[in-house]
Amino acid sequence: MIEVKELNVHIKGNHILKNVNVTLPEKQITCIIGPSGCGKSTLLRTLNRLIDTTEGVKLEGKVLVNGQDILSSDADVTDLRRKIGLVSQRPCPLPMSIFDNVAYGCRINKMFNKRRQLVYQVQKNLKAVGLYDEIRGRIRTPAARLSIGQQQRLCLARSLAVEPDYILADEATSALDPISAKTVEDLFVSLKEQYSIIMVTHTLRQALRIADHVVFMYLGEIIEQGPAEQVFHNPKEELTQKYLAGAFS
Amino acid sequence: MWIAMLIVFGFVISVIWTVFSKGMKAMSWDMISKLPGGGFYIGKEGGFLNAIVGSLYIVGASTVLGLIISIPVVFFLNVYLKRDSKLAYTARMAFDVLFGVPSIVYGAFGFTIMIYFGLRTSLLGGIIVITLLIIPIFIRTMDEATRNFPGDILDASFSLGATRWETLRVVLRQIAPGIATATLLSIGRAIGDAASVMFTAGYTDSIPTSLSQPAATLPLAVFFQLQSPIPEVVDRAYAAALVLTVIVLILSISSRFITNRFSKNKI
């Protein structure tokens, strides 16, 4: 479980996240929704501390992952990032072959001693995202030659290969064509039994389709959070009602 | 269009054919393994090992120096400065201008500086001027390769639990073709340039043993021997031209090869 407590994020003097308190449940799909520029991505990037690479960032508060504060100075960031995978908006294969892309994370984390285990892990995860049969015989060719949709699934396989507990997805389907988007979306649904998935999306319909838990953000603040059923059909806050009704986006 | 293509191809083939047919006459193992005997202007004996070694010394040293200076500049332009920075814009324009400056101007510039410091023509002078000559090529070519670098790769690598060092290796993999192309382009330009080394590296019959001695180069071996009234010496000039052409050909073919091979993994 991830608990965010009193989180404030400033980037170059701008107050991006204001006093954020969120609980993200396990083995479910949590969708973070809200209009563009409301801090969804910033929140997501704080969860695996990828935010550290942003210039001029100041963090306050606590983010507890399995009870440990990841913002404290003695947190092991590298290990944290292994436990929390990220699928970004645009697929970004590394400049190497399909096999090496999936094997990369296992190699740098020294997960396996035997090559046979590594090969098995790569195959298992390529199968999990439905790529294995599509790319049979091309596993040694550059990943950049895959189609965009395939690349995105490869990125997902790459994240899964390091055996994370959480998967963060930052509008992971928005750059894809409708059919690929559907495939990736279905994948997330099928993966939620094994992983906790936290997804940023600004297509409400997608959130409606797949979310178990919803967090609604507006201008850097959490307006409402709770089970999808309740937030979508019985929102407590007026702002949420307006947003769901399409008054602003 | 076809005529224009034919002219270009005919030109390339006739250049190579001329150099090969005239050069092969005087070409022998001695040519590339012995020092010249009896002066470069009239001497018929020996080879031009001194020019080959001189060229390699100068090109090797200036390539290393050029890389040492260019990589931080490219890094500064792309990582530290913002995309719309005025300084970066001005710097890029300055390098474009320097790119276009004729090599004789570099030679004259180097010569002036050497006089100012009271230096004589030397290997060091040649190295410095060639370094100045190739730095703009290095910077502009590597800059192009780095500028289009997809920043998402950093996120992708970090989010798999990679350290900075491991991520740097991924970055290098992505820009390696750019660096390789830049290096080979620069070497090609550096080794074939006569005008800039004429006043700075000078010419000699021996292989330099220290940085302060003058050094012979292949382009100048062609230049001086071609002016000779003696036919045998003129043939030697063509042999030197042949060696130079072969080196440049090997370089450009291998640069193509390396670029193709490495860039297939590029994004």
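**Note on the two-chain model**

1. Of the 267 residues in chain B, 39% are buried (a residue is buried if 20 or more other C-beta atoms, placed from the backbone, lie within 10 Å of its own, exposed if 12 or fewer, and partly exposed in between). This is a predicted model, in which local features need pLDDT of at least 70 and side-chain atom pairs count only at pLDDT 80 or more, while totals for chains, interfaces and linings use all residues. Residues are numbered from 1 along each chain as its sequence is written, and chains are lettered from A and ligands numbered from 1 in the order in which they are written.

2. Chain B has 11 helices and 2 strands (DSSP runs numbered from the N terminus: H or I of at least four residues for helices, E of at least two for strands). Along the sequence the pattern is α-α-β-β-α-α-α-α-α-α-α-α-α. The C-alpha trace of chain B spans about 70 × 50 × 35 Å along its principal axes. Among contacts in chain B between residues at least 6 apart in sequence, 75% join residues at least 24 apart (two residues are in contact if their C-beta atoms, placed from the backbone, lie within 7 Å).

3. The contact between the chains takes 24 residues from chain A and 21 residues from chain B. On the chain B side, the elements giving two or more residues are α7 (152-158) and α8 (164-192). α7(B) gives the most, with 7 residues. By class, this side of chain B has 9 nonpolar, 6 polar and 6 charged residues (Ala, Val, Leu, Ile, Met, Phe, Trp, Tyr, Cys and Pro count as nonpolar, Asp, Glu, Lys and Arg as charged, and the others, Gly among them, as polar).

4. Chain A has an open sheet of 4 strands in the order β2-β1-β4-β5, with antiparallel pairing (two strands pair if DSSP finds at least two bridges between them). β2 (14-24) and β5 (68-69) of chain A each have a single partner strand, so one side of each is left without a neighbour in the sheet. β1(A), residues 2-11, is joined to β2(A) by 7 bridges, and L7(A) has V20(A) of β2(A) as its bridge partner.

5. An open sheet of 6 strands, also in chain A, has the order β6-β7-β8-β3-β9-β10 and mixed pairing. Its edge strands are β6 (84-87) and β10 (221-227), each pairing on one side only. Neighbouring strands are turned by 15° against each other on average, direction ignored. β3(A) and β9(A) (213-218) pair in the parallel sense over 4 bridges, and C31(A) stands opposite V214(A) in β9(A).

6. α1(A) lies across β3, β6, β7, β8 and β9 of chain A, at about 150° to β8(A) (axes are lines fitted to C-alpha atoms, for helices over the stretch in contact, and angles run from 0 to 180 degrees between N-to-C directions). In the loop between β3(A) and α1(A) is G37(A). Buried or exposed, with its 11 C-beta neighbours inside 10 Å? G37(A) counts as exposed.

7. The axes of α4(A) (115-128) and α5(A) (148-161) come within 9 Å and cross at roughly 135°. The contact is made by Q121(A), V122(A), N125(A), L126(A) and A128(A) of α4(A) with A157(A), L160(A) and A161(A) of α5(A). These residues divide into 6 nonpolar, 2 polar and no charged.
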